[in-house]
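Hello,

Here is the structure we talked about. My notes on it follow below.

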Amino acid sequence: MVTLLFCDLVGSTALSGALDAETLRSVTLRWFDLMRQRIEEQGGTVEKFIGDAVMAVFGVPTVREDDARRAVAAALAMREALAGFNARLEEAVGVRLEMRIGVNTGQAVTGSATLRQAMVSGEVVNVAARLEQNAAAGEILIGPDTLAAAGPGVRTTETGPLSLKGKSDRVAAHRLLGLDEEDGPESLRRFDLGFVGRTRELGLLEAALDRVSRTGRAERLVVGGEAGQGKTRLVREWLHRSGERDGGPRHGVGRCRARGEQPSLGPLADAVADLLGTGPAAPSPDLDLLHQGLLLDGTPNPSPADTCAALARVLAGACGTGPVVLVVDDCHWAAQPLFGLLDRLLCALTDAPVLIVLLSRPELFDARPELAVDALPLGGLTDAEARLLAVELTGGSATGEPLDPRILARVGGNPLHLEQLLVAGDHLDADSVPLPLQALIGARIDALDAPEQRALGLASVLGGDFTTDELTALAGHPAEAWTASELRSTLHRLVRHRLVRPAGTGFRFAGGLIQEVVYASQSKQDRADRHERAVRLDSVRARGDAAIGAHLEQAHRYRVELGAQDAHTDALRRRAADALAEAGRLALAHADPVWAADLLSRATGRYAAGEPGRTAARRRLGQTLLDLGRGAEGRALLEDVLAETPDGGPDLVEAAHARLALASAGRPAGGDVSPAEAAGATLPVFVAAGDELGQARACLRLAQRAQEQGRHRAAERLLARALDHAVRAGAEPEQAAALGAMGVSLWRGPHPVPDAVARCRALLADQGAGRRAVRLTLNCPLAVVLALHDDRDGARACLAEAEHLAKRLGYAEADAFLPLFTGTVAALDGRHDEALLSLERAAAAARNLGAAGLLRSALLDAARIRLDLGDWRAAHRTLAEPEADRAEAARPRAESADLDGMRARIAAARGQAATAGRLAARALATATRTDSPIVQGLAALDLARTALALGRPAEAAGAAARARRRFAAKGHLPAARQAEALVARCPVRPPGHRPADGRVTGAGKEAPR
């Protein structure tokens, strides 16, 4: 981090006309010397004189934490010196000099000045020069980073954004007016000191823990505060004090990282692992499940639902001896899925005294304002507390020399600021985040010995945590090699410098900002080389392809920025893409779509067209975007995959996945292709390739078509195949979908209700344990089957569980299918108004989702209820949408029979006897081609009601008896009672116990309305 100052004389051409050459040269040299003195007085270095201009740099060869402030002071001193020089010059030769100054701060490449190379280079130099060129005579323009890095007390006025030559974006500039008394810098905390203050905050933490212990219910507490206010220190002290008393809580701590190498649930996994390390945990299936997913790689494998349920039970078990505290630090870096799982976890922990403490900067509350409502804000220390902390930091005594009031004013109660001010000693001049802190840390690093700087530079590539073995392996070429004892000695000196601290068997940067500043100070070439070497470390490889890919993509990025275009650079790109793509595939398999989307996006951005692996990564990214609700992006990407994949090419399986996904998402590729047609075309491809997931998806779509046709026996065979493939593929969503569809066939198909209930319960017991998605999809059809047998309490209990699970799981499609099942159960129970409200909600949600099948089901069910209530006009309006949705030839059998039966009843009510008879007969004929007793019974019942409306009691009685027989065989008690009641209404009874197979033939003229 350096600050550049450019100064140039204004009107030098006119000046040369007023003075002879010798006088002009003398005046110019005196001006140069005067400017150099003012620059050097502030610690700057004059790099060169260019004509009438001066270029100076602050930060080379020595970095100071207040370089930007020194440059500002130098610019003001130069202007003041020129005023005195002009007074003497005007008196002596009758002329005045005018100059303009530009100052800018930023990152630069530095080195020793030679005849062929400047000391500094980079964009910061160009911007400083452009600011000087845009300044008026006597004016000093400073860049925004200089204003921030110089700290408080810099008086400026806005000049408005400037269009600078060579810059595409406009640059904000400030006209410098003056400089007030300086203020203090940011700093980093120590954790080996006595704790000071925070009595109120400790009391609030203790009260939260006491409340959790007393009520036995889990709670969340967010501790929020700016960087350096002591959030981590506060919670550490509280846990230490709580742990010293009997019955104190067990606790675990995890931390979020900002580099993108961490799975979404990685911080929670660290906290749980830390907790389990405090005492023995009894073996259990739940703990085994966590070790296969969350504790293994920080992902919710096999699913977020399973992970949350298992974790809730493990935490509840850990509460046997007292309350449990989970701490997640730096939550402003957390991914969205972490908050989602924590929300679920809090709901699941209804009888466990668990306190979840989140530590975060205020940025989190911008993204999640609900967390700010009951947050514990952490402000600054009082002056008295700051004085006590200063005693701890300096090793003095409370009765010794009092702390300078100016320091108290500068720190504003921020413990981090106070510590770094005192650590820096006399260097007290920068204060603002992040640039002043970067300058301060840069100055501390610059003061280190070469081995210490080298160790920090190597460690910064690895992130916040590192070990001596990792640094030794990363050192690489002989110039960076050292012995183990030398390295340990070096690291212990860094601990004393408070730049790193011990952490278990390794070390950790004392703060994230230190690591960032150190990393930014390394040359791009060093960063590229070290990232490339990092992938060979066992610790990096143990973290998986995500960590490997992150290092490789950084190595490639810096080599490209350095202009490298060789084969080695291209190989790094390809390796990075492959590693990120594999990491994305695994994240997708472990139900972490947010992390998968990030990894796959980075992978696809690095693949070149036509490279192996690119098509698969793009296809997976497209499907992931669909899962995340980003439909337009996902469909566009899948369509691109299809367009780029020739028939019979090497990516045939990927094309098949894309084709099936597009058809299922309502965007068929290559014409009006239904999901089932796409499944039929792609299934042979999946079978030939041995692709279990593809076969599961294809069999599901084929089974759904069979169900639409009313062929439930065939559907069951396909669903059994889909389930088998889904289990082999480890695809829990497809497993839940197959089991839910099996439940629908048990409801609508030929199995008697008692058998269907027993089968549903068996599936739940066998497949639903720990799988909330499975319990959701199976409880919905089970509720309807129980309602068919008049088990109202059982049906309501199933729906209540399903509704609870749907809220916890957050499936958008549940907003459509859950009220659909709820409405069906309400209609079977005779609660028609409630049923209609539920079906209206289902239809509205289905329209929003674009779920055409769910929409048609909701509308058909609502129309039937309205017909049964006698409102045929409302039923006619309701049927208009599903009637227009499909051509008659394309309509599935079950839907066609249902629709024709209701249309027949509406035609009969309107006096259209011929139309009514034709439709009723067609509905019955279509229904007989299904194996669904419910479809057949409803068609017969529609025929009976149509015949009765047309004044044909004999036909009505025979059809009603036929419907009763179908419903009785199924065990559909409410419908059987309806059929019996209709038989009773007919003046003519069917002969014997077998109703006549009367049909409405459709002959005759239309009756008048």
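A residue counts as buried when its relative accessible area is under 20%. Gly151 has a relative accessible area of 11%, so Gly151 is buried. Please keep in mind that this is a predicted model. Gly151 sits in the loop that joins helix 5 (144-150) to strand 8 (154-158). From Gly151 to Asp66 the C-alpha distance is 8.7 Å, although 85 residues separate them in sequence.

Next, a helix pair. The axes of helix 2 (residues 21-41) and helix 3 (residues 67-93) come within 9 Å, and they cross at roughly 150 degrees. Angles over 145 degrees count as roughly antiparallel, and helix 2 is therefore roughly antiparallel to helix 3. The crossing of helix 2 and helix 3 is right-handed. On the helix 2 side the contact includes Val27, Trp31 and Leu34, and on the helix 3 side it includes Ala77, Ala81 and Phe85. By class, this contact has 13 nonpolar, one polar and two charged residues.

Then the aromatic rings. The structure has four aromatic pairs. One of them is Trp31 with Phe32: the ring centres are 5.1 Å apart and the planes stand at 50 degrees, so this pair is tilted. Trp31 is buried at a relative accessible area of 0%, and Phe32 is buried at 10%.

Phe466 and Phe507 form a stacked pair, with 6.1 Å centre to centre and 20 degrees between the planes. Phe466 belongs to strand 15 (residues 465-466) and Phe507 to strand 17 (residues 506-509), so the pair ties together parts 41 residues apart in sequence. Phe466 is buried at 2%, and Phe507 is buried at 10%.

Regards

Note on methods
Residues numbered from 1 in each chain as written. Predicted model: local features only at pLDDT ≥ 70, side-chain atom pairs only at ≥ 80, totals over all residues. Heavy atoms only, no water. Helix = DSSP H or I, 4+ residues; strand = E, 2+ residues; numbered from the N terminus. Buried < 20%, exposed > 50% of the residue type's maximum accessible area, 1.4 Å probe, protein only. Axes fitted to C-alpha atoms, helices over the stretch in contact; angles between N-to-C directions. Parallel < 35°, antiparallel > 145°, perpendicular 65-115°, else oblique. Left-handed = near helix turned anticlockwise from the far one by under 90°. Contact = heavy atoms within 4.5 Å. Nonpolar A, V, L, I, M, F, W, Y, C, P; charged D, E, K, R; others polar. Phe/Tyr/Trp six-rings, centres within 6.5 Å; stacked < 30°, edge-to-face > 60°.
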